[in-house]
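Biologist: Could you walk me through this structure, starting with whatever you have on charged side chains? I would like to go through it piece by piece.
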Amino acid sequence: MITNVDIQTKLKNLPDEPGVYIMYDADGNILYVGKAKVLKNRVRQYFHASTNKTEKVLAMLSHVADFRYIITASETDALSLENTLIKKHTPPYNILLKDDKQYPYIKVDLSADFPKFVSTRKLQKDKYKYFGPITQGGAKSFLEILGSVFPTVQCNNNFAKLPKNFRPCLNYHIGKCPAPCIGKISKEDYRKIVNRAVAFLSGDDSEVREVLQAKMMQSSEKMQYEQALTYKRYLQLIDKISQQRIVVLNKFVDYDMFAVASNGKNCVVNHTMIRGGKVIFSDNNAVSDAGLDEAQTLSSFLAEYCEMVKLCGEIYVNVELQDSDELSQLIKDKTGVKTQIYCPKLQDKKRLVDMSYRNAVEYLTKSQTDIDKKYNTTHGAVLQLKELLHLKKLPTRVECYDISNVQGVDKVASMVVFTNGQKDASQYRRFRIKTVEGANDFASMKEVLTRRFERMKEDDGVFGKTPDLIVVDGGLGQLDYAKQAMEESGVEVQLVSLAKREELVYTLGTNEPTFLPRNSYALNLLINIRDESHRFAITYFRKLHNRNSIKSVLQDVEGIGEKRRIELHRKYKSMDALREASIEDIAETKGMTRPIAEKLYKFLHQD
């Protein structure tokens with residue numbers, strides 16, 4: 001709790017040095033993190049009456065009760081520290097790009113003897129060459145096209161350690177791999193195929209069109225119509241890509257254009273990617289940021305966005321960035337790519353930046369309602385939830401727990417996580433109930449939360465960050481057991497429960513429910529979190545229950561051991577699907593024989 005802070009006195013004592021400033025609300029929650037070349041000048045601008053401030057900045061300042069700062073050795077260090085603190089604390093008024101917004105790429109290690117093309121969504125500083133981002137059809141479709149036209153290795157075998165009697169896989173027999181594993185192709189000939197594939201991924205699709213057209217006609221003549229349709233789909237995909245690759249320059253150049261547009265309330269950053277003199281990618285990103293100007297917003301955006309795409313050496317922006325040199329250094333440190341950032345004034349580069357800006361403005365104009373809705377259902381809902389439930393801490397990270405079982409059998413629990421009002425699926429966890437007998441949801445909830453709190457005390461990182469708010473599915477009973485788990489574990493976390501029928505919220509310290517307005521974003525957020533935890537728990541329960549059902553039934557069948565039970569479950573998923581299978585289908589299951597399949601079929605269909 002922050003009280004009696006003389007902000008004006010603190011403003012007078014600000015240093016003339018670079019650093020990072022942190023805005024706090026009255027409860028000590030971090031609202032915003034910013035960096036400054038000169039702390040005194042930047043922070044004073046927020047509180048100066050004559051400064052023109054956007055609606056977003058004014059909204060943040062209405063909650064600011066204090067600020068603190070950290071002096072750094074240089075502006076580069078300030079930029080790096082700002083980015084680190086934003087990721088650590090996820091303040092609601094900063095740019096918060098989701099980590100799972102990773103564009104698909106295709107990568108290949110051209111230094112390998114027999115290079116292999118694979119898809120990835122994670123860019124790294126490594127030996128691979130990356131192609132993308134892929135915005136049409138997905139990386140899977142591109143790999144299918146490569147396999148159809150340029151047969152290359154798809155397995156992970158180490159060719160130097162294969163046995164002498166090794167036999168090539170199915171891909172060789174269907175023409176999708178030239179089988180270097182058994183010496184069917186030399187390194188030189190294989191390299192020629194790889195070079196042709198690289199040319200296609202770089203934009204030269206003439207050979208691919210010829211081959212796919214010929215394969216489509218051959219399949220059609222052989223009345224292999226499904227295969228012909230597949231080749232037709234590949235050709236249509238290539239047409240879409242070609243339409244997107246508009247020639248904009250007569251030079252073979254690589255540029256990245258960024259333009260920021262703001263209406264005072266919302267902000268959009270457009271990224272237009274030019275490779276080989278062609279526009280291959282354009283994307284708009286609605287961002288939430290309480291920076292004082294567009295340059296500050298764009299700088300913060302680039303500091304985080306640079307890890308999501310493969311940038312080139314030349315970056316052009318529509319506003320002057322005072323920290324362009326420091327930002328270039330940060331991008332190099334993060335990605336290994338040496339870049340220069342410019343704000344062009346004349347000719348082609350200015351025209352391209354203007355095109356990027358027009359895209360940002362159009363998206364901002366047409367998508368205003370959607371942008372407002374996204375903010376209200378995420379960051380806005382989090383702020384509203386704190387206000388309506390009188391929470392001490394902003395519920396940036398919310399965890400929700402649910403129990404699932406049928407008559408006490410196969411009891412499981414789910415933990416789902418929402419960060420800043422959005423799903424954070426990488427943080428989801430599942431539990432098997434270990435100590436509770438029978439269908440006791442209260443005791444099961446206590447067990448799960450006790451395990452969670454013990455891990456929280458150990459700070460082992462398995463569950464991610466400490467939650468700001470825990471939601472349990474149920475009423476006062478579930479909340480009481482959750483409270484017992486918290487007290488016995490010796491931790492302190494904000495706890496609430498959400499009852500299903502009336503959607504009533506129960507909080508600690510009172511037996512009376514809190515009625516959130518039915519149309520409030522805060523209630524909708526709680527309902528979405530609760531429903532997601534229920535879905536996740538049910539999915540896990542069904543998977544576990546089906547597996548255990550097959551295991552319990554098949555253990556009485558002679559000749560079917562653990563390995564065959566696993567393969568049968570992997571193929572049929574449930575007992576109903578297994579009963580519907582024919583003897584021939586069962587016999588084709590890995591590890592099965594015809595006699596065992598007949599015995600199993602008879603067992604499953606006996607009266």
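**Charged pairs and a loop residue**

Modeller: Arg530 is buried, with a relative accessible area of 4%. Please keep in mind throughout that this is a predicted model.

Biologist: OK, and which side chain does Arg530 meet in a salt bridge?

Modeller: The partner of Arg530 is Glu503, and the N to O distance in this salt bridge is 3.0 Å. Arg530 belongs to helix α17 (residues 521-554), whereas Glu503 sits in the loop between β18 (494-498) and β19 (505-507), so the pair ties together parts that are 27 residues apart in sequence.

Biologist: And Glu503, buried or exposed?

Modeller: Glu503 counts as buried because its relative accessibility is 13%, and the cut-off for buried is under 20%.

Biologist: How many salt bridges does the structure hold?

Modeller: There are 24 salt bridges in the structure. One of them joins Lys187 to Asp113, with the closest N and O atoms 3.4 Å apart. That pair links distant parts of the chain, since Lys187 is in helix α7 (residues 187-201) and Asp113 is in the loop between β4 and β5 (117-120), 74 residues apart.

Biologist: How accessible are Lys187 and Asp113?

Modeller: Lys187 is partly exposed, with a relative accessible area of 42%, and Asp113 is also partly exposed, with a value of 47%.

Biologist: What about Lys350, which residue does it pair with?

Modeller: Lys350 forms a salt bridge with Asp354, and their closest N and O atoms are 3.0 Å apart. Both residues lie in helix α12 (residues 347-366), and because they are 4 residues apart there, about one helical turn separates them. Lys350 counts as partly exposed at 28% relative accessibility, and Asp354 is partly exposed with a relative accessible area of 28%.

Biologist: Which residues are linked in a network of salt bridges?

Modeller: Lys10, Asp66 and Arg68 are linked in such a network.

Biologist: Changing topic, where does Asn94 lie?

Modeller: Asn94 is found in the loop between α4 (75-89) and β4 (105-108), and with a relative accessibility of 0% it counts as buried.

Biologist: So what does Asn94 touch, leaving out residues up to four places away in sequence?

Modeller: With those left out, Asn94 touches Leu31, Tyr32, Val33, Ile86, Ser288 and Asp289. In the case of Val33, a polar atom of the Asn94 side chain lies 2.8 Å from the backbone nitrogen of Val33.

Conventions:
Residues numbered from 1 in each chain as written. Predicted model: local features only at pLDDT ≥ 70, side-chain atom pairs only at ≥ 80, totals over all residues. Heavy atoms only, no water. Helix = DSSP H or I, 4+ residues; strand = E, 2+ residues; numbered from the N terminus. Buried < 20%, exposed > 50% of the residue type's maximum accessible area, 1.4 Å probe, protein only. Polar contact = N/O pair within 3.5 Å; in protein donor to acceptor, adjacent residues only side chain to side chain. Contact = heavy atoms within 4.5 Å. Salt bridge = Lys/Arg side-chain N within 4 Å of Asp/Glu carboxyl O.
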